[in-house]
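The following note sets out points for a colleague who has the coordinates open. Please read each point beside the structure.

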Amino acid sequence: MDSKIFLSEQDLPSAWYNVQADLPWDVPPPKDPATRQPLKPEQLYPIFPKSLVEQELSKKKWHEIPAELMDVYKLWRVTPLHRAYKLERFLKTPARIYYKNESVSPPGSHKPNTAVAQAYFNKKEGVERIATETGAGQWGSALSFACNIFGIKCVVYMVKISYQQKPYRRDLMHIWNAEVYPSPTDRTESGRSILKENPSSYGSLGIAISEAVEEAAKNDNTKYSLGSVLNHVLMHQTVVGLETQKQLKIAGESPDVLIGCVGGGSNFAGFCLPFVPDKLKGKKIRFIAVEPTATPSFTKGQYLYDYGDTVGLTPLLKMYTLGHKFVPAPIHAGGLRYHGNSPLLSLLVHHKVIDSAAYHQNPVFEAALTFARTEGIIPAPETAHAIKCAIDEAIRCRQENKEECIVFNFSGHGHFDLLSYDKYLSGTLEDYELSDQEIAKTLKGLAAD
Ligand SMILES: Cc1ncc(COP(=O)(O)O)c(C=O)c1O
């Protein structure tokens, strides 16, 4: 059989899938921090366009993808599904390993699937500027790419440690006409308050979100855009899983295990959610969400209402969290350095539809090298978390002599992450583990309802 399964552009999904229509449970609503009552849609209008607020709160099963957007998707979609023959041979596993290759988009990851959709709906409502945050720089570059297509100004708050470690991601954003600032900055009250407490703060996604939300809230012509976590973002990503379903069918496969890395949950959700109804109907599929040991929201956090940002400007979201004051260690998977997770995925973890696993960054980079030396592509450090888990599952299959079908989402390439590879190869990468006491401290004061 071929090692890559392509689809024609005619097979691009024509609608996004909203799993909420098929769930027996409701996603707990976002709440107003002042009253702890469910948020009214109008409260979100200052920072998001109405069409995206509607999508956020919708339970409709299918949302048609506008023709103009389908045309933009065709710049890189449909993405290939690869059979990892060479990795299988190296691992001497009877398992069949597949990966969905989202690294072929112009910015190099799954992130533009929602970036172009968000830019499109903002443009339709006359928005002139969009502010956002970025960790690894993948999301910032994806949104810059998308805004450039639709003629919108993009302002990116980039977590300072990534700004320093990833100058070339910054260049991508500049090439696509964005403004980029190392966060925390002195441009916003949020940034200034963090710098006052800790002038040498290396930043976090939570802090950068505070800055971008503040910029949108204070400027009439500016909206805010989030690259993960929210329902509409996860829904835009379902093109990934919907294509994978068609490709697996061509391969004559039915997956036993689906794996993805999780930061805020968007690539994992987009890849797995279309398969969730099968599991709810009794099919044996395991979904494994993989996170770093340094930010273990699913594996060690608690299911509570918390802010999405550090300063406390966002609504409260019910999610697995380590607490919004938690500042993650400077691991190299910048896109996974987030204190919380998506409320939709959190609900599914809570009801045990989705399992989770956590890994230290050194074994994750070892897995990345194994992948690069067999399959050839250098993965983003975030993606390498999924690879590590897929390799462990394939080894388990070898030990148990099981011919399972393992599929993982290859969320992005690591061509701009070579500094982290350099550190791994020179043996200077540190592993971080959180104690229960540390987590208890940052969770203090949060409640389940
Ligand atoms: C390549 C890659 N994979 C995964 C992630 C994690 O984000 P999410 O959980 O939203 O997919 C990121 C975030 O920046 C990323 O750049």
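Predicted model: local features only at pLDDT ≥ 70, side-chain atom pairs only at ≥ 80, totals over all residues.

1. The shell around the ligand. Helices α5 (138-150), α12 (266-272) and α17 (381-400) each contribute at least two residues to the shell around the ligand. The largest share, three residues, is supplied by α12. In total, 21 residues surround the ligand, and the closest are Gln138, Ser228, Gly263, Gly335 and Gly412. Divided by class, the shell holds 13 polar, seven nonpolar and one charged residues.

2. The packing of α4 on α5. Helix α5 also packs against helix α4 (residues 112-124), at an angle of about 40 degrees and with the axes 8 Å apart. The crossing of these two helices is right-handed. On the α4 side, the contact is made by Pro112, Ala115, Val116, Gln118, Ala119, Tyr120 and Lys123. On the α5 side, Ala142, Leu143, Phe145, Ala146, Cys147, Ile149 and Phe150 take part. The residues of this contact comprise 12 nonpolar, one polar and one charged.

3. The order of the sheet.

4. Strand β11 and its partners. Which strands pair with β11 in the parallel sense? One is β10 (residues 257-261), which is paired with β11 over five bridges. Another is β14 (residues 355-359), also paired with β11 in the parallel sense over five bridges. Val290 of β11 can be followed in both directions: Cys261 stands opposite Val290, and in β14 the bridge partner of Val290 is Ala357. Strand β11 itself (residues 286-292) is mostly covered, with six of its seven residues buried.

5. Cis peptide bonds. Two peptide bonds deserve a check in the viewer. Arg77 and Val78 are joined by a cis peptide bond, with omega about 5 degrees. Val78 is placed in the loop between α2 (67-73) and β4 (81-83). The bond from Ser183 to Pro184 is likewise cis, with omega near 5 degrees. Pro184 belongs to the loop between β8 (179-183) and α8 (189-197).

6. Positive phi at Lys92. Lys92 is a residue other than glycine, yet its phi is positive, near 50 degrees. The residue is located in the loop between α3 (85-91) and β5 (96-101). Is Lys92 buried or exposed? Lys92 counts as exposed because it has 9 C-beta neighbours inside 10 Å, and the limit for that class is 12 or fewer.

7. Positive phi at Asn177. Asn177, which is not a glycine either, has a positive phi of about 75 degrees. Asn177 sits in the loop between α7 (167-175) and β8. With 14 other C-beta atoms within 10 Å, Asn177 is partly exposed; the count falls in between the limits of 12 or fewer for exposed and 20 or more for buried.

Terms used. Residues numbered from 1 in each chain as written. Helix = DSSP H or I, 4+ residues; strand = E, 2+ residues; numbered from the N terminus. Pairing = 2+ DSSP bridges. Near = placed C-beta within 6 Å. Nonpolar A, V, L, I, M, F, W, Y, C, P; charged D, E, K, R; others polar. Axes fitted to C-alpha atoms, helices over the stretch in contact; angles between N-to-C directions. Left-handed = near helix turned anticlockwise from the far one by under 90°. Contact = placed C-beta atoms within 7 Å.
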